[in-house]
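Work through the exercises below with the structure in view. Try each task before you read its solution.

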Amino acid sequence: PGRSFCQAPTPRTVAYQRLKRLAVALIIYRSDNDGHLPPTLGHLFSSVGEGRVFVTGSSGTPEPSSREDVDRGQCDFLYFGAGLVDSTDTFDAVVATTKPRTFVEEGYLCTLHCAGYVQTHTVIPQDVKETWDRHGVAVPESPE
């Protein structure tokens, strides 16, 4: 009686939920800054209020305790939104992704788009490959 059979969320679900929290912070930042996206992902640190939002939980990355930690890479997401302004041309632009190691080690990838929506993938989409390539991020092979 009264038992709960809820399962713990999967690492993929945790990563998705945390990127959604970053999406909300991104939307707020954008609306407060005339459509401009933040120069770094760390600029969202004070908006989300806790470091764990910047790590997937399954990676072993220590939670950042400051904006500077995030900007130094103590984060499981890569950010590509610096210099972007929200417009019809950038609506679908990929502005953040989980790091490639998440795809290699766990078989999924989460993406955050300029418009504020988040997606999960089991195959790396072409727009992500192009974004990573533009920013010098090595695109991994699909896991077997």
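**Exercise 1. Which way do the residues of strand 3 point, and are they buried or exposed?**

Step 1. Sort the side chains by direction. Leu 109, Thr 111 and His 113 point one way from strand 3. Cys 110 and Leu 112 point the other way.

Step 2. Check the cover. All of these residues are buried. Buried means under 20% relative accessible area, exposed means over 50%, and partly exposed lies in between (1.4 Å probe, protein chains only). Strand 3 spans residues 109-113 and is mostly covered, with five of its five residues buried.

Step 3. Note the basis. This is a predicted model, where local features need pLDDT of at least 70 and side-chain atom pairs count only at pLDDT 80 or more, while totals for chains, interfaces and linings use all residues. Residues are numbered from 1 along each chain as its sequence is written, and side-chain values use heavy atoms, with hydrogens and water left out.

**Exercise 2. Find the strands that bridges join to strand 3.**

Step 1. Helices (H or I, at least four residues) and strands (E, at least two) are DSSP runs, numbered from the N terminus. Two strands pair if DSSP finds at least two bridges between them.

Step 2. Take strand 2, residues 94-98. Three bridges join strand 2 to strand 3, and the two run antiparallel. Ala 96 has Leu 112 as its bridge partner in strand 3.

Step 3. Take strand 4, residues 118-121. Four bridges join strand 3 to strand 4, again antiparallel. Leu 112 is partnered by Val 118 in strand 4. Thr 111 is partnered by Gln 119.

Step 4. Look at the connection. Strands 3 and 4 form a hairpin with four residues between them. Gly 116 in that turn has a positive phi of about 100 degrees.

**Exercise 3. Locate Thr 98 and list what it touches.**

Step 1. Thr 98 is found in strand 2.

Step 2. Thr 98 counts as buried because its relative accessibility is 0%.

Step 3. List the contacts (heavy atoms within 4.5 Å). Leaving aside residues up to four places away in sequence, Thr 98 touches Ala 15, Thr 56, Asp 76, Phe 77, Tyr 108, Leu 109, Cys 110 and Trp 132.

**Exercise 4. Where is Tyr 16, and which residues does it touch?**

Step 1. Tyr 16 sits in helix 1.

Step 2. Tyr 16 counts as partly exposed because its relative accessibility is 30%.

Step 3. Not counting residues up to four places away in sequence, Tyr 16 touches Cys 110, Val 118, Gln 119 and Thr 120.

Step 4. Compare the chain with space. Tyr 16 and Thr 111 are 95 residues apart along the chain, and their C-alpha atoms are separated by 8.4 Å.

**Exercise 5. Describe the whole protein.**

Step 1. Count the elements. The protein has five helices and four strands. Along the sequence they follow the pattern α-α-α-β-β-α-β-β-α.

Step 2. Judge the cover. Of the 144 residues, 42% count as buried.

Step 3. Check the contacts. Among those between residues at least 6 apart in sequence, 49% join residues at least 24 apart.

Step 4. Get the dimensions. The C-alpha atoms fill a box of roughly 55 × 35 × 30 Å, taken along the principal axes.
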